[in-house]
Amino acid sequence: MDDHETPLLSKDLSSSSSSSSSSSSVVVSSLKWILKVVMSVIFVTWVVFLMMYPGSLGDQILTNWRAISSNTLFGLTGSMFLIFSGPILVIAILASLYLIISGEETVFTKKKITKFPRFRLWTFPVLVDGPFGVVSAAEFLGIMVFSVFFLWSIYAYTLRNLDLLERFHVLPKNRSILLLEVTGLRLGMIGLLCMVFLFLPISRGSILLRLIDIPFEHATRYHVWLGHITMAFFSLHGLCYVVGWIIQGQLLELIFSWNAIGIAILPGVISLVAGLLMWVTSLHTVRKNYFELFFYTHQLYIVFIVFLALHVGDYMFSIVAGGIFLFILDRFLRFCQSRRTVDVISAKSLPCGTLELVLSKPPNMRYNALSFIFLQVRELSWLQWHPFSVSSSPLDGNHHVAVLIKVLGGWTAKLRDQLSNLYEAENQDQLISPQSYPKITTCVEGPYGHESPYHLAYENLVLVAGGIGITPFFAILSDILHRKRDGKACLPSKVLVVWAIKNSDELSLLSAIDIPSICPFFSKKLNLEIHIYITRQSEPRLEDGMVHKVVHPSVKLPRTNGCSMSVLVGTGDNIWSGLYLIISTIGFISMITLLDIFYIKRYNITTWWYKGLLFVGCMVASVLIFGGLVVVFWHRWEHKTGEVEANGNDKVDLNGEETHNPSAAELKGLAIEEDVQNYTTIRYGTRPAFREIFESLNGKWGSVDVGVIVCGPATLQTTVAKEIRSHSIWRSANHPLFHFNSHSFDL
């Protein structure tokens, strides 16, 4: 291995002979390569078939497939399920095997400096303005593929409609009605094909998102795009039929019909109305100003799915069943995790009004920096869940995770008031009586985030934040500093933090991370620069020099009946999450097969809507029964391993920090530890000039591997993306990672 390919991060391995390690590594790499190839072939073949389906060739392929498979054990519905939904379930199972084989091993290597930039599809910004926001090259390709698919589908179905009209000699007065109904049918079919992908991006712990390393908060934009397109086609589908029925003068008669054989219209109307309510309330303006309205109406997805199954029956519903089944799996696991009450170890309020909560977690829960959690406080609401970035590093300790919460809305204001009441009660010695003090009862979902610590894959990092968006960067800095201090492999050697804030009060956020105490003499191990831009103050206040060191005292909360966060999360243990997926999928296929053999065929069940209801029932029952069985054993394993790991020496202090026994060198250095203010530059009354910043980096860093991470509002993301796309530093250097995090700005 040459100097440019030094391993930077690897799983701890027990000492063994180099030959056996090499052979096992070759076997693992070969298996991973084979799984990648198989998954890629299945996915490409599946997508090509879906794109061909609207045309005559695709219809002929499906006809031949039905002729071969409909007389098998799976029946006609099973044949549709296997060709439309089967491939994505097979890919999910193979993905779980891939992650199990991969384990926690991640190897980063120093990149060779090349003359030409390395092009990264997932990170290079192509579009920076427009309705889609900042769009990477890979996302742009996806948009183009879907656009071609829509145009092709409309064209192919139009030709088939005209051919259909030529075959049947219809009277001129009925020709327009037939054309409307056939067109409506085709538009509904395009909507179903879009719905195949609709639920895949919103499965928070999805094995598929983990496979391609796209975090949930980034994938939700794909769900938004697909949701708009799907509902547009479904709305046109319903409109065509309504216009046709009005022309016939049978609107009221047909719209309330519920046929036993064929399409049941009334369930379709109910499903469409539920979908329209979700669609309208999910528009950006409504979602931004009336988030609770958006949240509550989006729970109508249950009505939307169930009545869609009643509308089209099991045969057509099996087209979209794969993605919905994976979503149900994820939703049930989230439900199981979120039922546990989690202890809040400590809480404090910073001078800028931001709150910090330190939550208890089990030692065997793993996560990466840039993760986030969904938090519920039952004293405030039993229904509201809000996402917050994790501000602590996985290396900060085994028993806690910290989040920073900025008071921006009603929910966060109530949380601040609850903490204030608790602090006052503590000062008045009211905590002796458990009935007299305010409580904070929290439940947690997550953590979610990237599958790999990609911030460690770059020698040079540029971290751009706006306001509370600095939160996830505390986790990144802490992670890097811990690795530097402990001598662990860590690639980043230069880090530039660019932070834009409105007022100097927000400087107190810096107290959330104590850099010198984590890594004394950090400047010898890390070239760190922090540039802070205070946009709404033209000059510093008298107290600005020390404002970041002043915090309100921590409140140590009394232990409740809760405990640590549950490890029942899709991004948790690879083996258990894989077993949960595989056993539930096998159980589902077994249930629909047995139902078809011993009930539907035996008793000649022909009612379409009833068979659709049975199909949905099998999906839910398989998750509850088979998935629930795995969850029970998973929970017992968590309890057992948690007890073993809890016997370690790590202790948590009042501030939620775990004690660290410093080395002699560290103890010696603490007496003259460095002040991070020496590496901090504060500018007043100005905004970051990214062109100048990047030009200065070009002079200091030259042609190097650069990772750029942006966490802030859309305007900040767009500004940085434009400079990255156009500036010479990125054309002359290896192309940077460009990643957005926006979950810190919820609430």
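Which residues line the second largest cavity? I'm working from a predicted model, and there I found Leu73, Phe74, Thr77, Gly78, Asp314, Ile592, Thr593, Leu595, Asp596, Ile600, Lys611 and Phe615 around that space. Helix H3 (75–84), H18 and helix H19 (608–645) are the elements that each give two or more residues to this lining. H18 has the largest share, with five residues. I sorted the lining of the second largest cavity by class and got six nonpolar, three polar and three charged residues. For its volume I noted about 130 Å³.

Next I stepped back to the whole structure. How many cavities of 30 Å³ or more does a search find? My note says five.

Then I turned to the largest cavity, which holds about 180 Å³ of space. Its lining takes in Ser203, Gly205, Ser206 and Ile207, then Leu326, Leu329, Asp330 and Leu333, and finally Gly570, Ser577, Tyr580 and Leu581. I checked which elements give two or more residues here, and they are helix H14 (321–338) and helix H18 (574–600). The largest share, four residues, comes from H14. By class, I wrote down six nonpolar residues, five polar and one charged for the largest cavity.

One last entry, on H18.

Definitions and conventions. Residues are numbered from 1 along each chain as its sequence is written. This is a predicted model: local features need pLDDT of at least 70, side-chain atom pairs count only at pLDDT 80 or more; totals for chains, interfaces and linings use all residues. Side-chain values use heavy atoms; hydrogens and water are left out. On a 1 Å grid over the protein atoms alone, a cavity is a set of points where a 1.4 Å probe fits but cannot get out, and a pocket is an open set with protein on both sides within 12 Å along at least five of seven lines; lining residues have an atom within 4 Å of a point. Grid points are joined across faces, edges and corners, and a volume is the space filled by probe spheres set on the points. Ala, Val, Leu, Ile, Met, Phe, Trp, Tyr, Cys and Pro count as nonpolar, Asp, Glu, Lys and Arg as charged, and the others, Gly among them, as polar.
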